[in-house]
Amino acid sequence: MSKVLMKGNEAIAQAAIAAGCDAFFGYPITPQNEICEYMSKYLAKSGGAFVQAESELAAINMVYGAAGAGARTMTSSSSPGIALKQEGISYCAGAELPCVIVAISRGGPGLGGILPAQGDYNQATRGGGNGDYKVVVLAPNGVQEATEMVRDAFLLSEKYRNPVMVMADGVIGQMMEPVEINTDPLPKFEKPWAATGESQSRGTRNVINSLFLNPVDLENHNIALRKKYDTIEENEVQVDLYMMEDADIALVAYGTPSRIVKSAIEEMRSQGIKVGLIRPKTLYPFPFKQINEAADKVKFMLTAELSMGQMVHDVRLAVNGKVPVYFYGRAGGMIFEPKEISDAVKSHLGGE
Amino acid sequence: MAVVFQKTKGLTDTPFTYCPGCTHGIIHRLVAECLEELEILDRTIAIASVGCSVMSYEFFNCDAIQAAHGRAPAVATGVKRVHPDKIVFTYQGDGDLASIGTGEIVQAAHRGDNITVIFVNNAIYGMTGGQMAPTTLPGQITTTSPYGRDVSKQGEPIRMAELMAQIPGAAYIERVMTADPVSVRKAKRAIKKAFEIQKNGGGFSMIEILSSCNIGWGLSPVDSLKYIKEEMASYFPLGVFKDKGASQ
Ligand SMILES: Cc1ncc(C[n+]2csc(CCOP(=O)(O)OP(=O)(O)O)c2C)c(N)n1
Ligand code: SF4
Ligand SMILES: [Mg+2]
């Protein structure tokens, strides 16, 4: 296979179809429209179901139904739409349904703007839905990685029976890059629990449910979920370390900004400043351990985000006071340049 | 000894959680008998909603999915689109369907999804303790309309069957009641017809059933049945409001 030039959103949609997505439910919102459009054009042709839902609320509940009935299913949206999906995401987590949610983030709060931003880190990793639950969050830094993470998302969701979100900033959705999409068939996990209708011949009724009226049962359910999240935290952390071996300073960034930070690092290295990059690829589970270990070797860290500072709180938790953790961010669709990052780093050099 | 009556195979052995006198139980039996008689129990997925019938996934003897408040039709769409050959129905109350879930019910009909909706209208929020619903009758006392529903401030009750009949995508819409043996038999015929339509790929069907909430209404079970017949049925007329099959 050779690489083809594709827009991020279309590559994400194609990767989902290649990964065996059975059903897609979406609602228009910029900057993710091309995902819905691509799905409407091609998913039915490959035997899947496409529905343009009446709202994001309905779309995620269609996902809940299709996933509960055993399908490999996905929805996509952007920030205000992801906010509306939170009820359904909580239900999917509660009923332990595998599904994939693609979030192509834009600026907020409220209607915000349509340009790329990372102000939804908290929404993705903490969730806006009710209850004790976790959603696996994968954060690609480009079109190729976005397609790989979509595939990975289906696998992880079925392996753990848990919703998985692929959160990319609007840059990734809208830019074109050369990609090669993995078309190997993705193994189908057995779903003996799915409500597929054959209750009588199966001999047992399959019920998809998140209601436990008995407090003992609900606590046991919460404990079982927590154990699952422990396993996920133990096994599924993904983090990229770049020029960290000899680094005196660690920059922490995810998504598109991590690429801008890399340019800044190269510039600073040429000036003799030993800077490295820690790039979380999974925002949940977060690389707490790796960042904590890195804190033993650097003088300080600086987190760069397209927000007013969200992931930085997790970085501070990870560092646990070992070294200072500074922050530099832009928001609203404004994107920093490498020089802004180097200037931010240099402003903290003197006093250390 | 000859068997003269047998509980339908469409129900599990789990005891109902409904108050004595509540007609939710009768409606469950009617739905379950239809599933058994149409021989579709082994290919049916029930969508339970939020209300007194939230535990219906424990009562219907088929696969089931419990849906968020008002979202059952969207969940049903998700199931039906990946299992077009299966029978999918929702079981929803009037708070669920006519208040928080108006968007979902209208749009499922609009898409013409081949599903069946069992809509239990008891003019009240039974589950949460008897608050006013969009279907609460003018002057009716509830815990949030303690002086009686004032239509000048709280609007006039919404007639869902009439509203749904206006949607081009809806195939079959009928309103029935469970007030006496005759009306119960008629209700069963309507429910059966709705499932037959789905079985034959006929499209979206909704049966609205006027039902009692003796506890929420503060009436005896017998007076509740009278209330259905005399008060509810005069505001919510019974009948077929849409039958695409008949008009073709
Ligand atoms: C999002 C959400 N809002 C509110 C509730 C609380 N709630 C549970 S049942 C119910 C009303 C149900 O009334 P109805 O649908 O008429 O069913 P009935 O109990 O009368 O059969 C409400 C408001 C909820 N569970 N979820
Ligand atoms: S509260 Fe009303 S609707 Fe609910 S079970 Fe009791 S009588 Fe029936
Ligand atoms: Mg009610």
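A salt bridge here is a side-chain nitrogen of Lys or Arg within 4 Å of a carboxyl oxygen of Asp or Glu. By that rule, four salt bridges link domain 1 of chain A and domain 2 of chain A in this predicted model. One salt bridge in chain A joins Arg126(A) and Asp314(A), whose closest N and O atoms are 2.6 Å apart.

Domain 1 of chain A covers 4-193 + 207-235, and domain 2 of chain A covers 239-349. Taken over C-alpha atoms, the centres of these two domains of chain A are separated by 27 Å. Their contact draws on 31 residues from domain 1 of chain A and 23 residues from domain 2 of chain A. The size of an interface is often given as the accessible area lost when the parts come together. For domain 1 and domain 2 of chain A, the buried area is about 2,200 Å², with 51% of it on carbon and sulfur atoms. On the domain 1 side, the residues losing the most area to domain 2 of chain A are Gln118(A), Tyr121(A) and Asn141(A), which together account for 34% of what that side buries.

Several elements build the domain 1 surface that faces this contact. At least two residues each of the side touching domain 2 of chain A come from helix H6 (121-125), strand E6 (136-138), helix H7 (143-160), strand E7 (163-169), helix H8 (170-174) and helix H10 (215-235) of chain A. H10(A) gives the largest share of that side, with four residues. Sorted by class, the side of domain 1 of chain A that touches domain 2 of chain A holds 17 nonpolar, six polar and eight charged residues.

Elsewhere in chain A, Ser90(A) sits in helix H5 (residues 86-94). Ser90(A) counts as buried because its relative accessibility is 9%, and the cut-off for buried is under 20%. Neighbours within four places in sequence aside, Ser90(A) is in contact with Gly129(A), Asn130(A) and Tyr133(A).

Attention now turns to the two chains together. The interface brings 35 residues of chain B into contact with 35 residues of chain A. Between them, chain B and chain A bury about 2,600 Å², 56% of it on carbon and sulfur atoms. Five salt bridges are found across the interface of chain B and chain A. The side chains of Glu58(B) and Arg205(A) form a salt bridge, at 3.9 Å from N to O. The interface of chain B and chain A also has 23 residue pairs in polar contact, both residues at pLDDT 80 or more.

On the chain B side, strand E1 (44-48), helix H2 (56-59), strand E2 (63-66), H3 and helix H5 (102-110) of chain B each provide at least two of the residues that touch chain A. The largest share, seven residues, belongs to H3(B). The side of chain B that touches chain A comprises 16 nonpolar, 10 polar and nine charged residues.

Pro84(B) counts as exposed because its relative accessibility is 54%, with the cut-off for exposed being over 50%. Between Pro84(B) and Asp243(B), the separation is 159 residues in sequence and 22 Å in space, C-alpha to C-alpha.

Conventions. Residues numbered from 1 in each chain as written. Chains lettered and ligands numbered in written order. Predicted model: local features only at pLDDT ≥ 70, side-chain atom pairs only at ≥ 80, totals over all residues. Heavy atoms only, no water. Buried < 20%, exposed > 50% of the residue type's maximum accessible area, 1.4 Å probe, protein only. Domains from an automatic or database assignment. Contact = heavy atoms within 4.5 Å. Buried area = accessible area lost by both parts, 1.4 Å probe. Nonpolar A, V, L, I, M, F, W, Y, C, P; charged D, E, K, R; others polar. Polar contact = N/O pair within 3.5 Å; in protein donor to acceptor, adjacent residues only side chain to side chain.
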